[in-house]
Amino acid sequence: MKIIVLPGDGIGPETMAATAEVLRAASQTFKLGLHLDFDIAGHDSLKQHGATVTPALLAKVKAADGLMLGPMSTYDFKDESKGEINPSKFFRKSLDLYANIRPSRTYAGMTHALGAFDLVVVRENTEGFYADRNIESGSSEMRITPDVVISLRRITRHCCERIARSAFELAMTRSKHVTLVHKANVLQMGDGLFLEMCHAVAKEFPEVRVDDFIVDAMMAHVVRAPHKFNVIVTTNMFGDILSDLTAELSGSLGLGGSLNAGRDYAMGQAAHGSAPDIAGQNIANPFSLILSAAMLLNWHGQRKQLPAFLAASRAIEDAAAAAILSGEVTRDVGGTLSTAQTGTAFSARLLGATIED
Ligand code: NAD
């Protein structure tokens, strides 16, 4: 499996170095034959190539088996005509990575005021309120007069249907419960269409229990009793916000792994950003990227029917739980290790892992 690795901005290089160490250990233990091909995106690429991402990089990613994208300082990238393209949007749109799968769970060894939970936010990734990706070219945000801005939100039957299907398929592998999150009381047409398509897809999955919550009330419900949720499906921006909340509820945003998946390609990417407030200090939690890498291995293993990749993915998840239990973690989740030490301790666990299947 050839993986293109783009460390990114801010804490990206530190957390990606730890993740690469873990991937190499997984490759050795599970005989995956992983080939990590490092390249650049974001600020480094802007300096070197005049653009945060380039067509040549996209071609390279398309020819590989997967992509690991580090966090990007997207807020710095304001003008596409100057090469300041949001790399995250670029890959999601160019590779049609329509499903952003963001799991959040609690771990033994940490105190959780709200009790244990294990849920996945399934976020639509290619349209919604995101002005940089929901129209063919240009931006869907317009300054009408110096004092008036209009932001358009795109919702399509096609995108609603495919994200709903991703959620219901995922629910069949979990506890067969899907929660639809929407604002159909106000966005009657857009979120009405989202709900209509979710219910249409639900008919194909009669064993799955379905409920729904209006997004503002959902914030209260998920903070009050996160264990009541299992698979949550929602539109782009609601999913972006909700998944940061659920990651933090699980202990830290630094535990928020995610996979961006489409029909032909997938990209592992932490749920959080480049964390400039802690960049360069060797204290960022690499678990979010490590767990994203595990999701990428799982995606590849399922697609190509490769049991070793599925086993490696499970072993990484188990190693994360074991590391948290024994306190071999960064300070955001109660440990004392640096980012680099966390990656090395994690790798040592994987090198000692036994192969079950
Ligand atoms: P952020 O997600 O980078 O950080 C929010 C808070 O969480 C900060 O206090 C940070 O220190 C903490 N945090 C994040 N990741 C952590 C980790 N691995 N370990 C420990 N603590 C962690 O959000 P921000 O500061 O608002 O944004 C910074 C930049 O990232 C902006 O340019 C923004 O546009 C960009 N961003 C990019 C992505 C992405 O690449 N997918 C996502 C969100 C934000």
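Residues are numbered from 1 along each chain as its sequence is written. Because the model is predicted, local features need pLDDT of at least 70 and side-chain atom pairs count only at pLDDT 80 or more, while totals for chains, interfaces and linings use all residues; side-chain values use heavy atoms, with hydrogens and water left out.

The domain assignment divides the protein into domain 1 (1–96 + 273–357) and domain 2 (113–249), the bounds being taken from an automatic or database domain assignment. The centres of the two domains, taken over C-alpha atoms, are separated by 25 Å. To the contact between them, domain 1 gives 5 residues and domain 2 gives 8 residues; contact means heavy atoms within 4.5 Å.

A nonpolar core is a set of buried Ala, Val, Leu, Ile, Met, Phe, Trp, Tyr and Cys residues joined through side-chain atoms within 4.5 Å. Buried means under 20% relative accessible area, exposed over 50%, and partly exposed in between (1.4 Å probe, protein chains only). The largest nonpolar core holds 70 residues, of which Ile3, Val233, Phe287, Leu297, Ile316, Phe346 and Leu350 touch the most other members. Helix H9 (residues 287–304) gives the most to this core, namely 10 residues; helices (H or I, at least four residues) and strands (E, at least two) are DSSP runs, numbered from the N terminus. At least three residues of this core come from each of domain 1 and domain 2. Another core, of 17 residues, lies apart from it and includes Leu57, Ala64, Phe90 and Phe91. In soluble globular proteins, nonpolar side chains tend to be buried together.

With neighbours within four places in sequence left aside, the contacts of Phe287 are Gly254, Leu255, Ala320, Ala323, Ile324, Glu328, Val329, Thr342 and Phe346. Ala319, in helix H10, is buried, with a relative accessible area of 8%. Beyond its sequence neighbours within four places, Phe205 is in contact with Phe168, Glu169 and Met172. Phe205 and Glu169 are 36 residues apart in sequence, and their C-alpha atoms are 8.3 Å apart in space.

A search of the whole structure finds 1 cavity of 30 Å³ or more. On a 1 Å grid over the protein atoms alone, a cavity is a set of points where a 1.4 Å probe fits but cannot get out, and lining residues have an atom within 4 Å of a point. Grid points are joined across faces, edges and corners, and a volume is the space filled by probe spheres set on the points. The largest cavity has a volume of about 40 Å³. Its lining includes Glu124, Glu127, Cys159, Cys160 and Phe194. Helix H5 (residues 157–172) supplies the largest share of the lining, 3 residues.

Methods: On a 1 Å grid over the protein atoms alone, a cavity is a set of points where a 1.4 Å probe fits but cannot get out, and a pocket is an open set with protein on both sides within 12 Å along at least five of seven lines; lining residues have an atom within 4 Å of a point.
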